[in-house]
Amino acid sequence: MRGICFKEQLFDLTVKGRKTVTRRMVDRYNIGETLYLKEPYFINADGSIDYKFDNRVKREKWKNKLFMPERHARYFIRIKDKRNENLCDISYIECLREGIREYNVISVEAGKRRRTSEFIYENPTTGLWYPSPYKAFAALIDEINGKGTWDSNPIVTRYEFELLK
């Protein structure tokens, strides 16, 4: 079984069921394949395992998630669908499925009956807010794959997955 890595905040959204899609620059997984989620870990003297993403235990030295073996994994996903597409072809709904957070901001002007409502979108890894889900996702993808990735609009593989219980 192969593993897959996410940034800590995206790992958390995946485990909570709020992130159900990922786009990757390389096509490496297959429909129906089960993957384990890699995360930094530490093996205690008694054989128990602490996980960095729990934020329960502070340690100076965690084992690198890239080398985490399957036997230490606690979470698994199954690939339900995949397709190739241009990165910038992502839809509004797909941005949300990638983990972009949407907030409805309502403002009321003092002394007036006028109320305005607008949506803002948060990049979950930085906490920065953007006026559209596309701008938030563009910032996220540039953070993960390098500045200019969004503007270059590469062909990516879109994987839809489900968290296994």
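Arg74 lies over the face of Tyr51, 4.1 Å from the ring centre. Arg59 is placed over the face of Phe42, at 3.9 Å from the ring centre. A charge sits over a ring if NZ of Lys or CZ of Arg is within 6 Å of the ring centre and within 35 degrees of the ring normal.

The model is predicted: local features need pLDDT of at least 70, side-chain atom pairs count only at pLDDT 80 or more, and totals for chains, interfaces and linings use all residues. Residues are numbered from 1 along each chain as its sequence is written, and side-chain values use heavy atoms, with hydrogens and water left out.

Rings of Phe, Tyr and Trp (its six-membered ring) pair if their centres lie within 6.5 Å; planes under 30 degrees apart are stacked, over 60 edge-to-face, and the rest tilted. By this rule there are seven aromatic pairs. One of them joins Tyr92 and Tyr121 edge-to-face, with 6.2 Å between centres and 85 degrees between planes. This pair links distant parts of the chain: Tyr92 is in helix H2 and Tyr121 in strand E8 (residues 115–122), 29 residues apart. Helices (H or I, at least four residues) and strands (E, at least two) are DSSP runs, numbered from the N terminus. Ring pairs also link Phe11, Phe53 and Tyr75 into a cluster.

Glu94 is found in helix H2 (residues 92–97). Its relative accessibility is 8%, so Glu94 counts as buried (under 20% relative accessible area; exposed is over 50%, partly exposed in between; 1.4 Å probe, protein chains only). Beyond residues up to four places away in sequence, Glu94 touches Val21, Arg23 and Arg158 (contact: heavy atoms within 4.5 Å).
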